[in-house]
Amino acid sequence: MTESANKFLFAIKSGWNSVKAKFYGNNFLLLITVVLFIIMYTIEMFVFKSINYDKLQHFLDMLNSNAGLIVIASGMTMVLIIGGIDISVGSQVAMYCMMLAVMMERQNINFYVAITIVFITGIVFGFVQGWLISYLKLQPFIVTLAGMFFARGMTAVITADTISIRNADFAAIANKKLIIPFGSYINKKGMTLEPFIHPNVVLAIAGLIVIYILLSRTRFGRNVYAIGGGEQSSMLMGLNVRLTKLIVYTLNGLLVAFGAFLFCLNSSAGNVEQARGFEMNAVAAAVIGGTPLTGGVGNVIGSFAGVMIQETINSFVRAMSMSSWWAMIFIAALLALFIILQSVFAAMRKKARKG
Amino acid sequence: MNDGVWRKFNKMTKSGRLLFPLVCLFLVLIMNLIVTPDFFSVKIMDIGGEPHLYGRVIDILNRASELIILATAMTIVVSCSAGTDISVGAVMAFSGAVSVWFLGYGVLGVNGKFSVFEYQIPYAVGIMTALAIGSLCGVFNGFLVSRLKIQPMVATLILYTGGRGAAQLFAGGQIDRVEVLSYKWLGNFIPGIPVPTSIFLAAAVVAITAVVLRYTALGIFIQSVGINNKASRIMGLRSSRIVLLAYTFCGLCAAIAGLIATSRIGAIDANNCGRNIELDAILAVALGGNSLSGGKFSLGGSVIGAITIQSLTTSLLAMNVTADQLPVYKAIAVIIIVALQSAELKPLINRNLARLTGKAVVK
């Protein structure tokens with residue numbers, strides 16, 4: 001009798017432990033993020049009703065202005081999953097925007113040729129960083145820190161001026177409005193405003209989906225997760241760790257160039273100071289979305305939620321007409337919170353597994 | 001005594017620890033001497049009735065003082081935690097901004113005026129607040145790294161962004177001037193002394209650190225934690241406390257550097273104070289022959305590295321490279337140095353050489 005009771009208790013205990021382990025997992029962090037976003041967004045909708053924050057267009061504007069960040073954050077997620085980091089993305093964005101601007105405005109190069117050159121530069125940049133990290137086993141942070149300063153310096157070498165882009169092909173894409181058939185409203189002047197998105201949002205979402213499928217449905221994606229979880233064991237298992245890392249960083253370079261193009265569609269200019277601190281936003285988006293910095297876990301959907309949370313904070317700060325450095329402080333605080341939460345959850349998970 | 005020092009120096013250069021940084025410094029100095037023949041001349045100039053030492057070398061040492069202080073702290077951080085503190089520049093700005101805010105409390109930002117003509121609290125208290133704020137930032141970083149086991153560079157990334165934002169907040173988004181004569185002493189000259197004060201400060205920080213590490217067991221402890229954290233803990237060292245101490249020291253040093261930087265221009269410019277200096281500090285540590293993956297360290301190497309970098313910066317600026325473009329050269333230098341340090345480089349080259357020569361033989 002007592003024996004079966006003991007068995008029963010043991011079964012309950014182990015079952016509870018596995019539930020606890022799941023509960024403390026990173027899906028839980030993603031859940032926190034999504035719930036937090038919904039709460040913050042709902043509050044914002046009610047508080048700032050007077051400036052149309054409750055309309056669909058506000059949500060679409062958040063997408064419109066963050067298309068580049070969405071792509072770059074998903075590239076960053078991939079790099080974080082493999083256990084690395086890339087903090088050169090902000091400077092790279094500035095450099096690619098400047099290259100686009102100079103090529104199209106000063107040298108009259110065709111729009112499509114300019115884009116191709118930028119993409120190739122991105123691949124080369126990513127390849128060099130990836131080669132240094134994977135084949136020379138240098139610390140990713142040091143290499144990409146150098147990359148960050150290199151790219152920012154190169155932007156100044158190209159030109160120190162601010163150039164706005166007026167190329168016809170470019171402007172046609174940048175200013176095109178894709179009308180959404182529902183959610184239109186009539187403003188105070190009696191005009192019907194139809195909600196719209198720019199093409200860069202479509203491109204960004206397409207990029208996001210491609211990376212999501214690449215990471216979760218292909219052999220390459222499985223390899224990335226395996227290597228991030230344990231490099232030694234993956235190597236013993238027969239995976240080509242160095243090549244996979246190199247491919248990830250190269251692909252990330254391409255994604256940064258793509259993100260920079262989308263960013264440029266939004267800003268339509270080249271400037272040395274552009275996208276400063278962008279790397280921080282990308283890392284913060286990934287971390288807030290439940291990708292720990294230790295590698296092996298994470299997904300790009302979370303990073304998307306992370307981007308949207310940050311933009312909610314930004315729009316809140318804008319609506320309160322506070323200074324922009326408040327947004328910096330809020331995002332840093334949120335990042336600190338999530339990093340600490342992850343570390344606490346990791347410790348709890350360890351405990352739950354042992355218990 | 002002198003003989004012993006010389007023997008030790010010989011030993012160190014021969015074992016290669018200090019040879020590399022010294023060669024780099026030598027190359028930069030030679031380059032400078034060719035470009036400007038009067039590079040080493042030092043004169044005493046009379047500026048406003050005060051004797052001031054004047055010359056390129058003095059200038060470089062003066063400008064390098066913040067970097068020397070930061071490189072000293074960074075060496076210890078790198079040694080014990082195998083990671084770098086990238087928040088030092090932001091902490092510099094933050095502590096400088098807080099001290100100026102306290103010195104001008106109630107005056108600054110009122111009626112749209114951003115100048116302080118009179119200390120509102122004693123100067124010493126202002127300095128103390130800066131040092132306290134710097135140490136607090138260090139404790140925050142150290143707590144994240146040592147207790148929560150977050151990678152150092154990621155943990156310090158929080159203050160890297162947040163710190164500058166907070167500095168802007170205290171400075172009110174403006175460049176706050178302090179128009180009191182004694183405020184400029186730290187970064188310039190104290191009346192009657194011809195040598196810039198910051199050189200003394202840098203020398204003091206390096207000397208105190210070196211003496212403490214040399215004559216207590218702390219130096220050994222730090223290295224042992226850096227080489228193997230777990231083993232040190234099992235051996236009975238409080239590893240996490242040592243790491244916490246190292247980061248606190250780094251915060252303190254960043255505050256000292258921040259005080260010098262704000263005092264030098266007599267104002268706090270939260271956007272540009274200590275900007276990009278973290279790369280220089282890391283570069284100085286790497287140039288000094290220290291491995292960025294922790295363990296053994298040489299303070300002397302880092303100091304030489306810091307002076308080398310400042311000479312390089314000064315000479316590049318003299319060659320009409322703008323401040324915006326400087327990072328390109330420095331980034332290339334960092335990559336070359338860390339690539340040369342990499343243990344993977346030699347086998348890789350050998351393998352490829354063998355493959356090449358092998359193919360040549362077959363043909």
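Start by selecting Lys330(B) and Asp280(B): the two form a salt bridge (a side-chain nitrogen of Lys or Arg within 4 Å of a carboxyl oxygen of Asp or Glu), with their closest N and O atoms 3.2 Å apart. Before you go on, note that this is a predicted model, in which local features need pLDDT of at least 70, side-chain atom pairs count only at pLDDT 80 or more, and totals for chains, interfaces and linings use all residues. Residues are numbered from 1 along each chain as its sequence is written, chains are lettered from A and ligands numbered from 1 in the order in which they are written, and side-chain values use heavy atoms, with hydrogens and water left out.

Next, colour chain B by domain: domain 1 covers 20-320 and domain 2 covers 327-363, with bounds from an automatic or database domain assignment. In this contact (heavy atoms within 4.5 Å), 14 residues come from domain 1 of chain B and eight residues from domain 2 of chain B. How many salt bridges are counted between domain 1 of chain B and domain 2 of chain B? The count is one salt bridge.

Now show helix H11 (277-287) and helix H12 (299-318) of chain B; these elements each give two or more residues to the side of domain 1 that touches domain 2. Helices here are DSSP runs of H or I with at least four residues, strands are runs of E with at least two, and both are numbered from the N terminus. H11(B) gives the largest share of that side, five residues.

Stay in chain B and find the open sheet of three strands, ordered E3-E4-E5 with mixed pairing. Strand E3 (115-116) and strand E5 (267-268) of chain B are at the edges with a single partner strand each, so one side of each has no neighbour in the sheet. Strands count as paired if DSSP finds at least two bridges between them. Strand E4 (residues 176-178) of chain B runs antiparallel to E5(B), joined by two bridges. Pick Asp176(B) to find its bridge partner in E5(B), Ile268(B).

Finally, bring both chains into view: 36 residues of chain A are in contact with 42 residues of chain B. Select Arg275(B) and Glu273(A), which form a salt bridge whose closest N and O atoms are 3.2 Å apart. Helix H5 (111-134), helix H6 (140-158), helix H12 (278-288) and helix H14 (324-354) of chain A are the elements that give two or more residues to its side touching chain B. Which helix gives the largest share of that side? H6(A) does, with 12 residues.
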